[in-house]
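Open the model in a viewer and keep the selection panel at hand. The stops below run from the whole chain to single residues.

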Amino acid sequence: MPRTGRSALLAAALVTAVAAGPLAAPAFAAASEPARTSTAPATAGPDTEALAAAVAGLPDHDATAALLRVGGDGTWRGTAGVRDVRTGAPALENARFRAGSVTKVVTASIVLQLAAEGRIDLDGTVQRYLPGLLTEDFAPVTVRQLLNYTSGLRPGASLGDTVEEGYPHRFETLTPRQVVADAVAQGPAYAPGTRQTYGNIHYTVLGMLIEKVTGDSYAHQAELRIFRPLGMRHSSFPVGADPRIHGPHNRGYDWIDGKLVDVTDWNMSDRFAAGDLISTTADLERLLVGVFRGRVVPEPELKEMFTLPDVPGARYGAGLERFEVNGKVIWGKTGSRPGYATVIAATPDLSRTLVYSVNSTDAKGDGLAVAQRFAFPAFNR
């Protein structure tokens, strides 16, 4: 795989935004010995030596904890680092974390389920389902174009594009409607269906569409349609503007102005159906396997997730991204929120699966380097 393509993938894979109260000092507790198990054969499966090396020595400057699950033709589990750098308590294997844009897989799945039920037409328009949301400046934008990021909508309002900018505003609220209104006010970026531009705005609108069509909250629809059927008992969305992660979790940190800052508590209301999910690695593995096996979205709608639009340089289907690692075609999704970087990925036949959450401490650092450390070994053989 060319380095440029790999960089694009893994910059998204492990770019983490983070921030929340500077610590007394940036010193780490003693590095913890990683807990790990493996059933991979010596000549097949993931590169277990590289995986073990990836989590060895945590916490370090780049990450305070890591949770990895590799499955398929050989399994490997790894947990390393600390739950809290102040106390040095060991990282929790079952920790909950912010999954960021992995949320989009949930959102796409709900929309495609509604399409399978005949309640949404993928060729139907935003103007039809959400009348008045877009101005007359916009040509018809279809549901499919929202799903595959070709809608032409510009990014909406934000409380900060970087961790440093967002940190002072971490307890403020931006509603989905405010985010979309700001995007609409800027006018279209291009004619729908002519380019692919990844961004949260497409899935923010899809979340609003789900609520309009079902007459229910997005979070409740996710619970009914995805979490309960798949047994994702530890997945949820924050209630209102609640900035906390409820249940067992490892603290998230980021370097801000040379200080290691706790960024765990953060109101993610502006991310909504694009990036508000809280989950665990075990739950996300259930989601990954369930989607790929057709247990979540039936055919023919499932094909939408693995179909690239016919536009130059397309990499995304409905909710999933296509890339190659070591000659293997992989489909998956990355996510990053302050203090937490997440990846779910698998070969189409599920011969290799990967789910991880890494407490990365540099939201705008070298995503490729971090992903090479934690993701590439899973697909090395």
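## Whole chain

Of the contacts in the protein chain with a separation of 6 or more, 73% are between residues 24 or more positions apart. The model is a predicted one. Show the cartoon: the secondary structure of the protein chain consists of 12 helices and 11 strands. Colour by burial next; of the 381 residues in the protein chain, 56% are buried. With the surface on, the protein chain exposes about 14,600 Å², and 51% of that comes from carbon and sulfur atoms.

## Nonpolar cores

Select Val106, Val143, Leu147, Ile226, Leu284, Leu287 and Met305. These are the residues with the most contacts inside the largest nonpolar core, a set of 72 residues. Helix α3 (residues 103-116) gives the most to this core, contributing eight residues.

Centre on Met305 and list its contacts, leaving out neighbours within four places in sequence. Among them are Val105, Ala108, Ser109 and Leu112. The list also includes Val291, Val297, Gly317, Ala318, Leu320 and Trp331.

Now select Phe323, Leu354, Tyr356 and Ala371. They are among the 25 residues of another core, which lies apart from the largest one.

## Helix α2

Go to residues 48-55, which make up helix α2. Which residues of α2 are buried? They are Leu51, Ala52, Ala54 and Val55. Look down the axis of α2: the buried residues fall within an arc of 155°, so they line one face of the helix. Glu49 and Ala53 are exposed and sit on the face of α2 turned away from its buried side. Continue past the helix to Gly57, which follows α2 and has a positive phi, near 85°.

## Aromatic pairs

Show the aromatic side chains; the count of aromatic pairs comes to 11. Select Tyr149 and Tyr198 to begin. Their ring centres are 4.9 Å apart and their planes are at 45°, so the pair is tilted. Tyr149 is in the loop between α5 (143-147) and α6 (163-166), while Tyr198 is in the loop between α7 (176-185) and α8 (200-214), so the pair ties together parts that are 49 residues apart in sequence. Are these two residues buried or partly exposed? Tyr149 is buried, with a relative accessible area of 0%, whereas Tyr198 is partly exposed at 31% relative accessibility.

Move to Tyr218 and Phe237, an edge-to-face aromatic pair with 5.1 Å from centre to centre and 65° between the planes. Tyr218 lies in helix α9 (residues 218-230) and Phe237 in the loop between α9 and β5 (253-256), so this pair ties together parts that are 19 residues apart in sequence. Both Tyr218 and Phe237 are buried.

Then select Arg170 and Tyr167. The charged end of Arg170 sits over the ring of Tyr167, 3.9 Å from the ring centre.

## Val311

The last stop is Val311, in the loop between α11 (281-292) and β8 (321-325). Its relative accessible area is 10%; the cut-off for buried is under 20%, so Val311 is buried. What does Val311 touch, not counting residues up to four places away in sequence? It touches Thr150, Gly193, Thr194, Arg195 and Gln196. Draw a distance from Val311 to Gln196: their C-alpha atoms are separated by 6.8 Å, and the two residues are 115 residues apart along the chain.

Definitions and conventions
Residues numbered from 1 in each chain as written. Predicted model: local features only at pLDDT ≥ 70, side-chain atom pairs only at ≥ 80, totals over all residues. Heavy atoms only, no water. Phe/Tyr/Trp six-rings, centres within 6.5 Å; stacked < 30°, edge-to-face > 60°. Helix = DSSP H or I, 4+ residues; strand = E, 2+ residues; numbered from the N terminus. Buried < 20%, exposed > 50% of the residue type's maximum accessible area, 1.4 Å probe, protein only. Lys NZ or Arg CZ within 6 Å of the ring centre and 35° of its normal. Contact = heavy atoms within 4.5 Å. Core = buried A, V, L, I, M, F, W, Y, C linked by side-chain atoms within 4.5 Å. Arc of directions from axis to C-beta. Areas by Shrake-Rupley, 256 points an atom, 1.4 Å probe, with all protein chains shown as cover.
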